[in-house]
Amino acid sequence: MNKKIQLHDLGNNDFKKTWDYQEQLFKQIVDIKIQNRREDSFLETPNYFLFVEHPHVYTLGKSGDLSNLLLSEKQLEAKGATFYKINRGGDITYHGPGQIVGYPILDLENFFTDIHKYLRFLEEVIILTLAEYAIIGTRSEGETGVWLDVGTPFARKICAMGVRASRWVTMHGFALNVNANLGYFDNIIPCGIKGKSVTSMHVELGKEVDEQEVKEKIAKHFSILFDAIFI
């Protein structure tokens, strides 16, 4: 089993361009796995982790409801935003500047073969990262992602998640609001959940947050939880 993960920070990068790159890495891993099964070989499968920040974009998961996007095509254009219907789980979400997006593209057979466990580990990575800033992140039953003040009238989401997995290979991932402009969430029903608000680390802390530092903490907790080495 290969526990090494190639870490790439793509900086500010177009969503479609990054999605295409994810698909390329995803296919590379799947093709190796298919070859191993066909030829009874043992070629090592690589793992990747992409950090990225996207220009303003709304994405809708494969089971999502388009009515959760509250903007017309012209209104999207006026806001300088784009929209894509994509092949991850979950409903609608927003990506934009001030948000750290993480895309782990892993062969889970290098780690464990349990999608439920994988999602809980992703949540735990964010919960542990937030704890380093004295922000108490928790899970909300039946709602993937990381929330604050669950079970109160002030429940709000700070990190959205949606993944795709095939042949135990993952893609897509999480989006943590660090210094995000929350006004862009007013144009959607986030994750299709009505009556719940969103928040960002800088709002909770009352100051701008060092995004590079947050990435380093995310990578640290990810490597510990997954017993992995970033290269």
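Is R139 buried, partly exposed or exposed? R139 is partly exposed, because its relative accessible area is 34%. This is a predicted model.

## The R139 pair

R139 forms a salt bridge with E123, at 2.8 Å from N to O. R139 belongs to strand β7, residues 138-140, and E123 to helix α3. The two residues are 16 apart, and the pair links distant parts of the chain.

The two partners sit in unlike surroundings. E123 has a relative accessibility of 2%. That is under 20%, so E123 counts as buried. R139, at 34%, is partly exposed.

## Other salt bridges

Side chains of opposite charge can pair when their charged atoms come close. Across the whole structure, 14 salt bridges are found. One of them joins K33 and D107, with N and O 2.7 Å apart. K33 sits in helix α1, and D107 sits in the loop between β6 (99-105) and α3. The partners are 74 residues apart in sequence, so this pair ties together separate parts of the chain. Both K33 and D107 are buried.

Together with R37 and E109, they are linked in a network of salt bridges.

A further pair also involves helix α1. R164 bridges to E23, and the closest N and O atoms are 3.6 Å apart. R164 lies in strand β9, while E23 lies in helix α1, residues 15-39. R164 has a relative accessible area of 23%, so it is partly exposed. E23 has 25% and is also partly exposed.

## The nonpolar core

Which residues touch the most other members of the largest nonpolar core? They are I126, L176, M201, V214, I218 and F226. The core holds 34 residues.

Helix α3 provides the largest share, with eight residues. Helix α3 also holds E123, the partner of R139.

## Positive phi angles

Two residues deserve a look in the backbone. H172 is not a glycine, yet its phi is positive, at about 60 degrees. H172 is found in strand β10. Its relative accessibility is 2%, so H172 counts as buried.

D227 is not a glycine either, and its phi is positive, at about 50 degrees. D227 is placed in the loop between α5 and β12 (229-230). Its relative accessible area is 54%. The cut-off for exposed is over 50%, so D227 is exposed.

## A negative patch

Which residues form a negative surface patch? The patch consists of E208, D210, E213 and E216. E208 lies in the loop between α4 (201-205) and α5 (211-225). E208 is exposed, because its relative accessibility is 69%.

Terms used:
Residues numbered from 1 in each chain as written. Predicted model: local features only at pLDDT ≥ 70, side-chain atom pairs only at ≥ 80, totals over all residues. Heavy atoms only, no water. Patch = residues over 30% accessible without salt bridge, like charges linked within 9 Å, V, L, I, M, F, W, Y side chains within 5 Å. Areas by Shrake-Rupley, 256 points an atom, 1.4 Å probe, with all protein chains shown as cover. Salt bridge = Lys/Arg side-chain N within 4 Å of Asp/Glu carboxyl O. Lys, Arg positive; Asp, Glu negative; His and termini not counted. Charge placed at Lys NZ, Arg CZ, Asp CG, Glu CD. Helix = DSSP H or I, 4+ residues; strand = E, 2+ residues; numbered from the N terminus. Buried < 20%, exposed > 50% of the residue type's maximum accessible area, 1.4 Å probe, protein only. Core = buried A, V, L, I, M, F, W, Y, C linked by side-chain atoms within 4.5 Å.
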